[in-house]
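Hi everyone, thanks for making time today.

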Amino acid sequence: MVIYKVNPLLEAMSYFLRRANKCTVKEYSEQLIANNSHEAEKLYEKMIPVLELETQMNKKIEFTDRHIYYFFGFERKLIHLSEPTLASLILPMPSPKNDFNLKEIEDSVKNMTPQEMRYDIMLFLAPEEMKKYNNPELVTADEYLKFIGRLSFSAEIKWSLADLHANFESRVEELFSLMRPAIDIIIENENIYASAIKNFEMITPQSFDGNSLVQSDINAKYPSKSETTVYPYIFGYNCAVLYNPSAYKEPLKNDLYIGVLYNVIRLIKDSERFATIMPQTMKILADKSKYEILSYLGKHSAYGQELSNKFNLSTPTISQHMAKLYNAGLITSMVNGNKVYYIMNKKNIKLFIKQLKTDLLGK
């Protein structure tokens, strides 16, 4: 299911993350123009609604040291919401529950038990280590502090994590008070990004299937019984983010946020990539076995042993062929049970043919 409505809380977090970590929309657009991509002008035009919203927010929001405290990345590098900041630890999954009712979301965070709060923070920072806990109630304050001590972060960040534990409710109140002006601006200025949502609606119809995007682009484990709701993402215009707000409940329900320019940027990158690797791609397709396998995968999905039997080739040979076809962007893969199925990447094949026409026929 696709819902053409933005999540104001997620958008506000993304705006502050970009601003605190110096990866604003304006900076990205300037870098795009400087790179002089042949598609830069077309892409820049589509970025204008996002730029206008960012400009409006920059004018009306005073950016302070407290914003940096909550939104500056622990890794001190270009980040997005999947990497840790104090804000993302307080709100690790800003889901659209309660129809984006900010007060109800704030209250639900404040009402978390200390054990739930500790568990969520530890799960965000070290998911593998948390497999030994099957119940949040098992995470004691002492274990939390020992966990912080084992982290590779600076002493300053470790102190912030200890402070967050000791003053969680007041930190939640402060974070929401910092974010509220941005959320109000996003809600009040829907007209600015309406065209971006309209474009998103055109390329992401109600019938859109998020499964293939999750498996091919995000590489997330995606249970077949999951229910996914897709939303447009304004300040995450160039990425796709998957959240699992019901990660411990059945059936699993995912929120998939797709950047309003994600498909456009991906197509441009793929097109530019093919322009530079055409000779290598031609060499791969010149091999009779690889060509026949690719042709077969245009009509069927198949796993390694199936292809081995079909083309009378050894399993290691099939694995080598699949690796080369996959790295060239000519096939994609998906996991079903304990098997990896391959299928032709028809989108990239079309780009390849288009680039071949341009190179050979000038059209």
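Leaving aside its neighbours within four places in sequence, which residues is Thr24 in contact with? Keep that in mind for a moment while I say what we are looking at: this is a predicted model.

Now, back to Thr24. Beyond those neighbours within four places, Thr24 is in contact with Arg18, Arg19 and Glu54. You'll find Thr24 in the loop between α1 (8-20) and α2 (25-35). Is Thr24 buried or exposed? Its relative accessible area is 15%, and since buried means under 20%, Thr24 counts as buried.

Let's zoom out. The protein chain has 17 helices and six strands. Of its 363 residues, 46% are buried. If you take contacts between residues at least 6 apart in sequence, 70% of them join residues at least 24 apart.

Next, the inside. In soluble globular proteins, nonpolar side chains tend to be buried together. Here, the largest nonpolar core holds 73 residues, and Met57, Phe71, Ile90, Leu91, Leu161 and Met179 have the most contacts inside it. Which helix gives the largest share of this core? That is helix α10 (residues 168-188), with ten residues. Apart from this core there is another, of 18 residues, including Ile318, Leu325, Ala328 and Phe352.

Please click on Ile90, from that list of residues with the most contacts in the largest core. Not counting residues up to four places away in sequence, Ile90 touches Tyr70, Val109, Leu164, Phe168, Arg171, Val172 and Leu175.

One of those, Leu164, is also a buried residue of α9, along with Ile157, Ser160, Leu161, Asp163 and His165. Helix α9 (residues 155-166) has twelve residues, and from its first C-alpha to its last it reaches 17 Å, close to the expected 16 Å. What do the buried residues of α9 pack against? Their partners are α4 (65-71), α5 (86-90), α7 (114-125), α8 (141-150) and α10.

On to the strands. Strand β1 (residues 227-233) is largely enclosed by the rest of the structure, because six of its seven residues are buried. It is joined to strand β3 (residues 253-259) by seven bridges, and the two run parallel. If you look at Tyr233, you'll see Gly259 in β3 standing opposite.

Finally, the rings. How many aromatic pairs are there? The count comes to ten. Let me show you two of them. Tyr296 and Phe311 are edge-to-face, at 5.8 Å centre to centre with 85° between the planes. This pair links distant parts of the chain, 15 residues apart: Tyr296 is in helix α14 (residues 288-297) and Phe311 in helix α15 (residues 304-311). Tyr296 itself is partly exposed, with a relative accessible area of 22%.

The second pair is Tyr303 with Tyr341. Their ring centres are 5.4 Å apart and their planes are at 75°, so this pair is edge-to-face. Tyr303 belongs to strand β4 (residues 302-303) and Tyr341 to strand β6 (residues 339-344), so the pair ties together parts 38 residues apart in sequence. Tyr303 is partly exposed, at 23% relative accessible area.

There is also a cluster in which ring pairs link Tyr15, Phe16, Phe63, Phe71 and Phe235.

Terms used. Residues are numbered from 1 along each chain as its sequence is written. This is a predicted model: local features need pLDDT of at least 70, side-chain atom pairs count only at pLDDT 80 or more; totals for chains, interfaces and linings use all residues. Side-chain values use heavy atoms; hydrogens and water are left out. A nonpolar core is a set of buried Ala, Val, Leu, Ile, Met, Phe, Trp, Tyr and Cys residues joined through side-chain atoms within 4.5 Å. Buried means under 20% relative accessible area, exposed over 50%, partly exposed in between (1.4 Å probe, protein chains only). Helices (H or I, at least four residues) and strands (E, at least two) are DSSP runs, numbered from the N terminus. Contact means heavy atoms within 4.5 Å. Two strands pair if DSSP finds at least two bridges between them. Rings of Phe, Tyr and Trp (its six-membered ring) pair if their centres lie within 6.5 Å; planes under 30 degrees apart count as stacked, over 60 as edge-to-face and the rest as tilted. The expected span of a helix is 1.5 Å times one less than its number of residues.
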